[in-house]
Amino acid sequence: MKLPLTYLGLGVALTLAACIHESEDAPSPDVSALPLQTPLQAGQAPIVAFGDRVHVGADVAPPAGALAEAGLHGDIGVSFGSVQDGIGAAELVAYLEADSAPPQTEEEDGMPADTILEAPLLRFRSDPPTVYVADGTPPALVDETVRAVQAINAALPQDWQLAFSPDPAPAGALEPADGVILVTFAPQEDWQTEAVPPDGEDIGLAEPKYSIEQTGDPAAPFRIEIAAGRVFVDHTRTEGLERLGVIAHELIHLLGRNHVDASRFPETIMVSGGSEELTAHILHPLDREALLAVYGRLEPGTVPGDIAAELGDWAASSLHVRGTFDLEDGEVAFGAALRNGLVQPWASGPAPHAALADNAELSGSVGWSGRLLGLTPDAETVAGAAALSVDLATLAGSADFTGLEQWAADAPPGALGTGTVWHDGDLSYTIEVRGNTFVQTGGDDGTVTGAFFGPAHEGMGGVLERDDLSAGFGGKR
């Protein structure tokens with residue numbers, strides 16, 4: 001295999017740019033309702049506020065009524081089953097083949113211009129990168145970068161989660177070290193790069209730094225991967241959901257994904273010129289599945305002709321477990337979905353009218369109780385009691401999951417007490433409240449991200465993410 005010169009000719013200065021336009025029908029997230037995210041929250045699950053509802057975790061909730069009822073756990077309605085909600089192998093293979101096709105319009109090395117060459121699918125090097133923002137970046141733009149990273153991480157395997165440095169990169173840093181992605185917000189005329197597009201129309205730019213290694217394989221004598229990179233965003237020419245999409249678009253460029261034809265793949269943020277169909281969850285299903293395939297299933301150096309074989313039995317349906325209960329202002333729902341080896345938890349409910357600390361009707365220590373429902377990577381359902389307590393004077397508290405039991409793989413959760421004990425049956429975390437959200441500050445292994453639901457914080461819900469369990473939970477005050 002030989003890569004064409006158009007693929008390598010730009011050396012370490014290949015640039016990729018995007019301008020994303022928001023559709024009039026796109027749901028607008030109410031970011032003002034959420035506390036600013038800092039690098040310390042980059043490892044938490046994404047939280048999206050739509051004005052009247054709040055969603056925690058991945059965008060994988062099944063449609064209401066799509067699952068079979070499995071009974072009641074207390075006053076929580078439980079349902080279980082499979083839903084055809086994935087992209088499917090054929091479409092994913094077509095997308096990745098189009099993504100990996102290098103531009104070639106003239107003869108190179110004596111080969112006809114229409115010669116089909118198999119360039120390997122581009123990806124970041126062997127370890128996930130760490131994202132830095134430039135020193136002096138305003139907190140609101142740090143917040144947006146963290147939200148883009150959270151959305152990307154929700155699609156990636158556990159061992160490929162992007163890190164986010166708590167310390168900014170020095171102002172004027174030009175050459176990121178291996179394993180680093182440096183994000184800079186500045187007007188385009190101030191971008192510190194020679195790769196600015198000549199038409200000056202683009203508002204985002206990704207500049208990869210490549211690593212080229214000899215493999216010793218005559219059929220594929222070298223491997224090209226992305227070792228580091230820089231992202232530039234002209235924040236003066238974009239805002240809101242559009243800017244979140246631009247940031248994510250450029251970060252995904254540095255994870256190896258290229259532009260594809262918008263007429264063939266309209267529902268991806270990776271089209272040149274930007275997707276017209278934006279989502280408040282930032283990434284489309286095709287974006288998420290491509291990330292999972294490249295970093296969770298395909299081997300480094302995979303060429304287009306091998307993608308289908310390496311993907312193997314890529315499922316288009318997900319296994320779901322779901323719990324629900326009603327509040328006065330709407331339903332609270334939570335659960336988890338398993339597809340192609342990745343368990344993604346979620347929870348959603350009606351948005352509060354004010355921050356928890358501003359609820360004059362509450363004082364002292366306040367508690368909520370309900371249930372947890374989740375799945376292991378081996379498709380075993382896990383359920384247990386969920387309890388949250390908060391001291392309103394300190395906005396600190398605990399999240400406790402007790403009586404955890406599991407059922408056989410691919411089996412619905414049975415009645416309380418009919419499963420076997422999951423591990424030692426208990427998980428406990430200390431938490432802190434941030435606005436109308438909460439995150440874990442200590443305790444057992446795992447990451448807890450949650451939000452309060454209902455106009456007067458009558459409910460709560462969130463997600464628990466561990467290597468051996470991913471679950472949604474919810475409860476009432």
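**Notebook: pocket, cavities and strands**

I began with the largest pocket and found that strand β13 gives the most to its lining, with four residues. What I am reading is a predicted model, in which local features need pLDDT of at least 70 and side-chain atom pairs count only at pLDDT 80 or more, while totals for chains, interfaces and linings use all residues. Residues are numbered from 1 along each chain as its sequence is written, and side-chain values use heavy atoms, with hydrogens and water left out.

**Largest pocket**

I noted a volume of about 470 Å³ for the largest pocket. It is lined by 33 residues, and those closest to its centre are Asn-153, Leu-156, Gln-158, Gln-161 and Glu-465. A pocket here is an open set of points on a 1 Å grid over the protein atoms alone, with protein on both sides within 12 Å along at least five of seven lines; a cavity is a set where a 1.4 Å probe fits but cannot get out, and lining residues have an atom within 4 Å of a point. Volume is the space filled by probe spheres set on the points, which are joined across faces, edges and corners.

By class, I wrote down 16 nonpolar, 13 polar and four charged residues for the pocket lining, with Ala, Val, Leu, Ile, Met, Phe, Trp, Tyr, Cys and Pro counted as nonpolar, Asp, Glu, Lys and Arg as charged, and the others, Gly among them, as polar.

**Cavities**

I found five cavities of 30 Å³ or more in the structure. The largest cavity holds about 210 Å³ of space, and of its 20 lining residues Pro-46, Val-48, Ala-151, Ala-280 and His-281 are the closest to the centre. The elements giving two or more residues to that lining are β2 and α3, and the lining divides into 14 nonpolar, three polar and three charged residues.

The second largest cavity has about 90 Å³ of space. I listed its lining as Ala-155, Pro-285, Arg-288, Glu-289, Leu-292, Arg-339, Asn-340, Leu-342 and Gln-344. Helix α5 gives the most to this lining, with four residues, and by class I have four nonpolar, two polar and three charged.

**Strands**

I traced an open sheet of seven strands, ordered β2-β3-β13-β12-β11-β5-β4, with antiparallel pairing. Strands β2 (47-49) and β4 (68-73) stand at the edges with a single partner strand each, so one side of each has no neighbour in the sheet. Within the sheet, β11 (residues 318-327) pairs with β12 (residues 330-339) in the antiparallel sense over nine bridges, and His-320 has Ala-337 of β12 as its bridge partner; two strands pair if DSSP finds at least two bridges between them.

I next followed β14 (residues 365-375), which pairs with β15 (residues 380-391) in the antiparallel sense over 11 bridges, Gly-374 having Val-382 of β15 as its bridge partner. Four residues lie between the strands of this hairpin, in which Ala-379 takes a positive phi near 70 degrees.

Strand β15 also pairs with β16 (residues 396-409), in the antiparallel sense over 10 bridges, and Ser-389 is bridged to Ser-398 of β16. The hairpin of β15 and β16 likewise has four residues between its strands, and there I noted a positive phi near 60 degrees at Leu-395.
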